[in-house]
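Hi everyone, thanks for coming. Let's take a few minutes to look at this one together.

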Amino acid sequence: MRLPVKIALLLMLFFSADLCYSYVQKELRPQTVLKERDVPAALHPLVKQNAEILQTAAAKKGITVVITEGFRSIEEQNELYRQGRSKKGNIVTYAKGGESYHNYGLAIDFALQKKDGSLLWDMTCDGNHNGTPDWLEVVTIAKKLGFQWGGDWRGFKDYPHLQMIPS
Ligand SMILES: [Zn+2]
């Protein structure tokens, strides 16, 4: 077989294997979407960028958004999971280490900041007096940027939580 033909065949094989692979990936996505990812040591650059865009867009509406949580290591997640179970306090998460989007640098938690600098987790406050609670305005912007909101989850709702899977 001539070399160009060999190369063409190899390329065809490669592309069909790749197509097949991406199909399987899509099929299994709900279960493996997190497990198949590398565990980073920081927020994904695109998530970080979108978090900054969110802050800028909210600021234009007179809302100060503070990112209170970003990347969380597996050990930190397990520690958080113990809270309200083997440790004192309220349950704050249902995800063990490796099960949270925070562990993959794909999630942030936010809070609002008042003029006096204190943080606010009030979902009804309409600080910019435009008839819509500031919290929901932030969520609307976040969703437009491609974030999924923890407040939309069935069962346990995590209102400060935003996550995304960069494509
Ligand atoms: Zn979160």
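Let me start with a question: is L106 buried or exposed? Before I answer, please keep in mind that this is a predicted model. L106 has 25 C-beta neighbours inside 10 Å, and 20 or more make a residue buried, so L106 counts as buried.

Where does L106 sit? You'll find L106 in the loop between α3, residues 74–82, and β2. Setting aside residues up to four places away in sequence, L106 touches H44, V47, Y101, Q163, M164 and I165. Have a look at L43 as well: L43 and L106 are 63 residues apart in sequence, yet their C-alpha atoms are 6.4 Å apart in space.

Now let's turn to a pair of helices. Helix α2 covers residues 45–60 and helix α4 covers residues 134–144. They pack with their axes 10 Å apart, at an angle of about 135 degrees, and α2 and α4 are therefore oblique to each other. Their crossing is right-handed. Which residues make the contact? From α2 we have L54, A57 and A58, and from α4 we have V138, I141 and A142. Those residues divide into 6 nonpolar, no polar and no charged.

That brings us to the largest nonpolar core, which has 23 residues. The members that touch the most others are L54, V65, V138 and A142. Two or more residues come from each of α2, β2 (107–113) and α4, and α4 gives the largest share, 5 residues.

Last stop, V138: leaving out neighbours within four places in sequence, V138 is in contact with L54, A58, I63, V65 and F110.

Note on methods: Residues are numbered from 1 along each chain as its sequence is written. This is a predicted model: local features need pLDDT of at least 70, side-chain atom pairs count only at pLDDT 80 or more; totals for chains, interfaces and linings use all residues. Axes are lines fitted to C-alpha atoms, for helices over the stretch in contact, and angles run from 0 to 180 degrees between N-to-C directions. Helices (H or I, at least four residues) and strands (E, at least two) are DSSP runs, numbered from the N terminus. Angles under 35 degrees count as roughly parallel, over 145 as roughly antiparallel, 65 to 115 as roughly perpendicular and the rest as oblique. A crossing is left-handed if the near helix is turned anticlockwise from the far one by less than a right angle, and right-handed if clockwise. Two residues are in contact if their C-beta atoms, placed from the backbone, lie within 7 Å. Ala, Val, Leu, Ile, Met, Phe, Trp, Tyr, Cys and Pro count as nonpolar, Asp, Glu, Lys and Arg as charged, and the others, Gly among them, as polar. A nonpolar core is a set of buried Ala, Val, Leu, Ile, Met, Phe, Trp, Tyr and Cys residues joined through C-beta atoms within 7 Å. A residue is buried if 20 or more other C-beta atoms lie within 10 Å of its own, exposed if 12 or fewer, and partly exposed in between; C-beta atoms are placed from the backbone.
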